[in-house]
Every structure is written in structure tokens, then in C-alpha cells.
Amino acid sequence: MLRKPVKTKINIVDSIMGSGKTSWAIQYMKNAPAYQKFIYITPFTNEVERVITSVDRDFKQPEADRKGKTKLEDTKRLLAEGENIVSTHSLFRRVDQEFIDLLDMENYTLILDEVMNVVEQMDEISRDDLKMLSDKQIIEVDNKGFVQWKQSDYSEGFFEGIRNLANSGNLMMYEDEKKEPVAAYWTFPVEAFKSFNDIFILTYMFNGQMQRAYFDLFGQEYVYYAVSKSDGEYKLSEYISYGNENRSKIQELINIYYPNVRDKNDMNKAGHKTSSFSVSDLRRKTKSTQTKKVIKNHGYNYYRHKCKVPTEEVMWTTFKAFEKQLSPTGLKDQFVAVNARATNEYQSKSTCIYFANIYLNPIMKNFFNKQGVEVNEDLYALSELLQWIFRTRIRTGQPIDVFIPSKRMRTLLERYLDNEI
């Protein structure tokens with residue numbers, strides 16, 4: 001039995017990868033009445049084409065032109081004309097007040113394929129700059145954490161972008177216990193979400209993701225659903241909590257590397273500490289030529305000698321800053337970003353090498369905590385790992401081999417497969 005929807009109409013379609021979330025969304029749009037208008041937002045351009053060809057609703061894709069009209073401007077034209085629109089996360093993140101005003105006059109349904117980056121630290125402005133602006137009373141932080149720009153006669157200059165974000169209500173700041181500025185954050189305008197008639201977010205493990213924390217930060221209510229299939233049709237069904245999922249089939253398909261008695265070298269030893277393979281740990285490790293060589297050799301040994309597969313079947317990852325330094329021999333072109341999601345491009349891959357240990361930025365975590373919003377760091381890390389692993393051929397029911405030297409990340413996956421998370 002479906003739960004009664006909340007008045008905000010934010011529906012989290014939270015089902016495991018490959019369960020048919022996108023197929024349900026396509027079916028839903030096909031069957032909707034002609035007067036219902038949709039905006040479908042996806043991370044990748046190839047998925048844009050899939051929606052256009054799969055749904056008979058004359059979807060429009062925003063286009064830039066040679067006369068200087070941007071995709072955002074074209075999106076506003078399509079909104080004003082009441083067209084069905086399909087586009088990417090990167091364009092949707094650039095919405096402005098005019099976009100929101102146009103959206104507010106229509107009754108659009110948003111289908112968001114995978115969560116977006118809705119909160120980002122502004123690395124371009126330093127802690128010292130924030131302190132200077134605060135000390136000179138150019139900026140002020142209200143009790144909700146929003147930055148107010150107080151200098152009305154500031155026109156153009158180094159802080160113009162920061163001023164514009166503050167004036168548009170999209171800039172928040174984290175202060176320490178002494179009320180000293182620590183970091184500034186861009187936030188996606190929550191008014192954009194409020195302007196839709198209905199919202200469906202297609203994802204998995206929403207509880208561990210930053211967009212859940214963002215909705216909680218702004219007091220947005222949401223309700224969970226799952227996707228099921230019966231008689232050839234996809235349906236929204238009662239949400240099943242993570243620990244009650246049947247993961248036995250997935251457990252059979254994922255073969256995690258462990259050393260056997262004949263191994264002279266345990267390749268998992270490099271990740272035995274809780275922090276091993278985190279950003280800070282890899283920053284230290286990559287300063288040593290010998291340590292880099294050991295990690296790269298472990299990756300090579302795993303796919304070439306343990307799994308005995310050609311390079312075309314392998315995908316590997318680490319944080320972008322360490323890609324060139326840690327790339328195993330032969331795998332330069334087999335790198336898949338650590339935050340890859342919502343794509344079927346790698347579903348022929350059988351072998352995974354995961355040189356990462358995911359943590360929240362501690363300042364970001366403190367920022368949410370100060371606002372009374374808790375983020376489950378282990379669930380966040382696990383959701384990122386699962387999204388990455390499920391880019392492989394496991395989506396088609398075929399087994400995969402996985403090498404995760406980080407003890408923390410490997411343990412999270414083991415606990416997940418045993419239904420302990």
C-alpha cells in the first residue's frame with residue numbers, strides 16, 4: 001500500500017541500481033495525460049537522447065546558438081512556451097530567479113535522475129578573505145547561516161561573484177565556536193524545487209546523500225517509494241528499508257579480493273588503517289615514489305595475474321588528484337571517476353579496482369551539524385561505492401571481481417552484502 005504523499009510532493013524513488021527506476025519514469029511519462037508537463041534532468045547527455053527517443057512527448061533539449069544565446073536562456077524560452085524539457089544536471093544547477101519565476105507560473109513535474117550537487121564549498125574565497133569581509137562589516141551572517149552583503153556601493157571587483165551569490169540568497173557560511181568565518185558554501189536555490197508541482201528523485205540510499213541533508217537543512221518534506229515490476233509494468237510500491245532488502249543475488253555476484261594461503265603478499269595490507277586511501281592518506285602516500293609503485297603494482301597484479309582479464313574488462317578509480325600518480329600499468333584509459341553514477345557506459349566491465357576511502361569534508365560535516373542536520377558518513381561512503389560498482393556488468397546479472405584495499409570501504413561493502421546496513 002502506497003504511503004499518503006506529503007504536501008511538498010517530493011517523492012524519493014529509492015531502489016537499488018538496476019531495479020528499473022528509469023524504466024518506471026519513462027513509462028510514467030508515456031502514460032501521463034497530454035496536459036502534464038515534464039522537466040527531466042539527468043547527469044549525462046546520452047541519457048538525454050534516451051528520454052527523447054523513448055518518450056513520445058516531443059521533449060525539447062535546450063540549445064545554445066552562434067548569436068550568443070546560452071542554453072539557460074533557451075531553457076527559459078522553452079519554459080515560457082510550456083514545452084517538455086530534458087537536460088543535464090550541469091545546466092539545471094545554473095537556474096536563476098527568472099527561471100524560477102517562469103517555472104512558478106506553470107505546473108511542471110520534475111524527474112531528477114540521481115541526486116545533484118546542491119551544496120558546494122566555495123574554494124575560490126579563502127578563510128582570510130571571509131574574515132576580512134566580516135571584520136569590515138561588508139558581509140553579515142544571519143541566524144540561519146545565510147550571508148548578507150552589506151556594502152551597497154560595491155560595483156565590480158574581486159568579490160563580485162561572492163556578492164552576487166549573497167544577494168541572490170545562495171550563499172551560506174560556516175562559523176566556528178568563536179563566530180570566526182571558516183568556509184562559504186554555494187547552495188542550490190531551494191525555491192526552484194518549491195516551484196514544481198511534483199518531484200520524483202530517482203536514486204538509491206538517499207539517507208546517506210548530501211541532497212537529503214540539503215532538504216533537511218531547508219525543512220523540505222519528502223516521502224519514500226520503491227520500484228517494483230509486475231505483469232510487465234513498473235510501479236511505485238511501498239518503500240523497503242535497506243536492511244530488509246533481499247541482497248542474496250548481489251552477494252553471489254560480487255567476488256571481493258582476499259589473500260589466499262599461497263599468496264606471498266597480502267595486497268590488502270596497504271589499507272589496514274581506518275584512514276587508509278582517504279584523500280589525506282593518499283596525499284602522504286603519493287609523496288613517496290616507492291609507495292606509489294607498490295600501489296600501482298598491486299592494481300596491475302590483481303587484474304593481470306589474479307583475475308587474468310584484458311584491460312578492456314577493467315575499471316579502476318581513485319580521487320581525481322591522484323589519477324595519474326596511481327594508474328596501474330595498462331589502465332590509463334580505464335579510469336572511471338570515483339563519483340560515477342547513472343550511466344550504463346561501463347556495463348561490460350568485469351573487474352574493479354577501488355583506490356579510495358570516502359569521507360565527508362570535515363568542514364562540510366560541521367556546517368550541517370551546526371544547523372542541526374546529521375549526515376551518516378558511513379552510509380554516504382557506502383552509497384558512493386555502490387553507485388560506482390553498479391556501473392559494471394553486475395547490472396546485467398553477471399559476476400564481478402572487486403579489489404578494495406581500504407579496510408573501511410571493504411568492511412562497509414561486506415556489511416552491506418550481509419544485510420547489516
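A: In this predicted model, helix H1, residues 21-31, packs against helix H2, residues 45-54, at an angle of about 40°. The axes of the two helices are 10 Å apart, and the crossing of H1 and H2 is right-handed. On the side of H1, the contact is made by Thr22, Ser23, Ile26, Met29 and Lys30; H2 contributes Glu47, Arg50, Val51 and Ser54. Sorted by class, the contact of H1 with H2 has 3 nonpolar, 3 polar and 3 charged residues.

The account now turns to the strands. Strands of a sheet pair through backbone hydrogen bonds, in either a parallel or an antiparallel manner. Here, an open sheet is formed by 7 strands in the order S3-S2-S4-S10-S1-S11-S12, and its pairing is mixed. The edge strands are S3 (85-88) and S12 (233-237), each of which pairs on one side only. Neighbouring strands of this sheet are turned by 25° against each other on average, direction ignored.

Strand S2, residues 37-42, pairs with S4 in the parallel sense over 5 bridges, and the bridge partner of Lys37 in S4 is Tyr108. S4 is also joined by 5 bridges to strand S10, residues 198-203, and these two strands run parallel. In that pairing, Leu110 has Ile199 of S10 as its bridge partner. S10 is in turn joined to strand S1, residues 10-14, by 5 bridges, again in parallel; the partner of Asn11 in S10 is Phe200.

Are the residues of S4 buried or exposed? S4 is mostly covered, with 6 of its 6 residues buried. Tyr108, Leu110 and Leu112 point one way from the strand, while Thr109, Ile111 and Asp113 point the other way, and all are buried. Helix H3, residues 71-80, lies across S2, S3 and S4 and runs at about 155° to S3.

Most residues other than glycine have a negative phi. Met205 has a positive phi, near 60°. Met205 counts as buried, at 0% relative accessibility. Lys308 likewise has a positive phi, near 55°, and is found in the loop between helix H12 (289-306) and strand S14 (314-317). Lys308, however, is exposed, with a relative accessible area of 67%.

A further sheet includes S14. This open sheet has 4 strands in the order S13-S16-S15-S14, and the pairing is parallel. Strand S13 (254-256) and S14 each have a single partner strand, so one side of each is left without a neighbour in the sheet. From one strand to the next, the twist averages 20°. S15 is joined to strand S16, residues 400-403, by 3 bridges, and the two run parallel. In this pairing, the bridge partner of Thr351 in S16 is Asp401.

H12 touches S13, S14, S15 and S16, and its direction makes about 165° with that of S15. Helix H16, residues 407-417, touches S13 and S15, and its direction makes about 140° with that of S13.

The loop between helix H13 (323-326) and strand S15 (351-354) holds Ser327. Ser327 counts as buried, at 15% relative accessibility. Leaving aside residues up to four places away in sequence, Ser327 touches Lys296, Trp316 and Lys332.

The cysteines remain to be considered. A disulfide is a covalent bond between the sulfur atoms of two cysteines. How many disulfides does the structure hold? The number is 0. Cys352 is accordingly in no disulfide. Cys307 is buried, with a relative accessible area of 17%, and Cys352 also counts as buried, at 0% relative accessibility.

Technical notes:
Residues are numbered from 1 along each chain as its sequence is written. This is a predicted model: local features need pLDDT of at least 70, side-chain atom pairs count only at pLDDT 80 or more; totals for chains, interfaces and linings use all residues. Side-chain values use heavy atoms; hydrogens and water are left out. Axes are lines fitted to C-alpha atoms, for helices over the stretch in contact, and angles run from 0 to 180 degrees between N-to-C directions. A crossing is left-handed if the near helix is turned anticlockwise from the far one by less than a right angle, and right-handed if clockwise. Contact means heavy atoms within 4.5 Å. Ala, Val, Leu, Ile, Met, Phe, Trp, Tyr, Cys and Pro count as nonpolar, Asp, Glu, Lys and Arg as charged, and the others, Gly among them, as polar. A disulfide is a pair of cysteine sulfur atoms within 2.5 Å. Buried means under 20% relative accessible area, exposed over 50%, partly exposed in between (1.4 Å probe, protein chains only). Two strands pair if DSSP finds at least two bridges between them.
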